[in-house]
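Here's a quick briefing to read alongside the model.

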Amino acid sequence: MDERFIRTELLIGSEAMQKLRRSHIAVFGAGGVGGYVIEALVRTIEKITGTASFDPSVATLANERQRDCAVKALEAVNDAIAALDMGFTLDAVTVSIEDAVQNILEITGERASEVVVHKVFSRFCVGK
């Protein structure tokens, strides 16, 4: 072992030192002006990738299937509101509300129709 790293190995242990040897690490310094440059670089990357306004604590639709479920749920809610405005009974309105709930549950995976299960598993090769 290189004598430059003896103290580091004593500090972190031989297993961690082996892991460190197998790793690729980039270390660079940023002085007073460099900090502004790095911040500008991060903002530019966020702008290019569309992640500048991304908030991980907010729910996000991850794919087209989830988007379709959300659109269908919204349409069902609008149908329920329209049915109420037209004087339909609550039993009739409930059909639209249940449809909206079903679509929302498909997004979360709590309830999945046979079609969704087929779509999801068609992308994976099960049994190999």
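Buried residues account for 12% of the 128 residues in this chain, where buried means under 20% relative accessible area, exposed means over 50%, and partly exposed is in between (1.4 Å probe, protein chains only). Keep in mind that this is a predicted model, where local features need pLDDT of at least 70, side-chain atom pairs count only at pLDDT 80 or more, and totals for chains, interfaces and linings use all residues. Residues are numbered from 1 along each chain as its sequence is written, and side-chain values use heavy atoms, with hydrogens and water left out.

**Overall fold**

- The chain has six helices and zero strands; helices (H or I, at least four residues) and strands (E, at least two) are DSSP runs, numbered from the N terminus.
- Reading from the N terminus on, the elements go α-α-α-α-α-α.

**How α4 and α5 pack**

- Two packed helices are described by the angle between their axes and the distance between the axes.
- For helix α4 (residues 64-85) and helix α5 (residues 90-108), the axes come within 8 Å and cross at roughly 165°. Axes here are lines fitted to C-alpha atoms, for helices over the stretch in contact, with angles running from 0 to 180 degrees between N-to-C directions.
- That makes α4 and α5 roughly antiparallel to each other. The cut-offs are under 35 degrees for roughly parallel, over 145 for roughly antiparallel, 65 to 115 for roughly perpendicular, and oblique for the rest.
- The α4 and α5 crossing is left-handed, meaning that the near helix is turned anticlockwise from the far one by less than a right angle (clockwise would be right-handed).
- Gln 102 sits in helix α5, and Gln 102 counts as buried because its relative accessibility is 19%.
- Gln 102 and Cys 69 are 33 residues apart in sequence, yet 8.8 Å apart in space, C-alpha to C-alpha.

**Salt bridges**

- The structure holds two salt bridges, each being a side-chain nitrogen of Lys or Arg within 4 Å of a carboxyl oxygen of Asp or Glu.
- One joins the side chains of Glu 64 and Arg 67 (3.6 Å, N to O). Both residues lie in helix α4, three residues apart, about one turn of the helix.
- Arg 67 also meets Asp 68 in a salt bridge between side chains (3.6 Å, N to O), so Glu 64, Arg 67 and Asp 68 are linked in a network.
- Arg 67 counts as partly exposed because its relative accessibility is 43%, and Asp 68 is partly exposed too, at 32%.

**The N-terminal helices**

- Leu 11, Ile 12 and Leu 20 make a nonpolar surface patch, with about 300 Å² of accessible area together. Patch members have over 30% relative accessible area and no salt bridge; like charges are joined within 9 Å, nonpolar side chains (Val, Leu, Ile, Met, Phe, Trp, Tyr) within 5 Å. Areas come from the Shrake-Rupley method with a 1.4 Å probe, and for residues only the protein chains shown count as cover.
- Leu 20 belongs to helix α2 (residues 14-22) and is partly exposed, at 38% relative accessibility.
- Glu 9, in helix α1 (residues 6-12), is buried, with a relative accessible area of 18%.
- The C-alpha atoms of Glu 9 and Leu 20 are 9.9 Å apart, with 11 residues separating them along the chain.
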